[in-house]
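Here is a short report to read alongside the model. Have a look at the fold and the aromatic side chains as you go.

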Amino acid sequence: METASFQTLLDTILFIVIFYYVVKFLARLFLPVLAKKVVEKASQQFQQQQQNYQNQNAAQNQTAEKPKDKKIVGDYVDFEEIE
C-alpha cells in the first residue's frame, strides 16, 4: 500500500492546475462557437413559431370571412306575463 508523500501531493496539485488551464483555454476557443449555434437555433425556432402563428391567423381569417348560415330553429313567440 502506498503512503501519501509530498511528491504525490505536488503531482496532484500540478495535475489540477494544468487541467484547470487546459479547460479554460478550450472554453475560450469553443464557447463562442457553441453560443453562436445556440442563438442561431433559437432564432430559427422563433421564426418557425412566428410563421406557424401567421399561417394559423390567415386560416382563421379566411374561415371568418365566409358568411355563416343561420339555422332556423323555430319561430319566435313573444309572450305576455299573466298575473
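## Overall fold

The protein chain has one helix and zero strands; both are DSSP runs numbered from the N terminus, with H or I over at least four residues for helices and E over at least two for strands. This is a predicted model, in which local features need pLDDT of at least 70 and side-chain atom pairs count only at pLDDT 80 or more, while totals for chains, interfaces and linings use all residues. Residues are numbered from 1 along each chain as its sequence is written, and side-chain values use heavy atoms, leaving out hydrogens and water.

## Surface

Of the 83 residues in the protein chain, 0% are buried (buried is under 20% relative accessible area, exposed over 50%, partly exposed in between, with a 1.4 Å probe and protein chains only). The chain exposes about 9100 Å², and carbon and sulfur atoms supply 61% of that area (Shrake-Rupley method, 1.4 Å probe; for residues, only the protein chains shown count as cover).

A nonpolar surface patch of about 720 Å² brings together Phe-6, Leu-9, Leu-10, Ile-13, Val-17, Tyr-20 and Tyr-21. For such a patch, residues need over 30% relative accessible area and no salt bridge, and nonpolar side chains (Val, Leu, Ile, Met, Phe, Trp, Tyr) are joined within 5 Å; a salt bridge is a side-chain nitrogen of Lys or Arg within 4 Å of a carboxyl oxygen of Asp or Glu. Leu-10 lies in helix 1 (residues 6-65) and is partly exposed because its relative accessibility is 38%.

## Aromatic pairs

How many aromatic pairs are there? The count is two, where rings of Phe, Tyr and Trp (its six-membered ring) pair if their centres lie within 6.5 Å, and planes under 30 degrees apart are stacked, over 60 edge-to-face and the rest tilted. Phe-15 and Phe-19 are stacked, at 6.3 Å centre to centre with 20° between the planes.

Technical notes:
Patches are made of residues with over 30% relative accessible area and no salt bridge: like charges are joined within 9 Å, nonpolar side chains (Val, Leu, Ile, Met, Phe, Trp, Tyr) within 5 Å.
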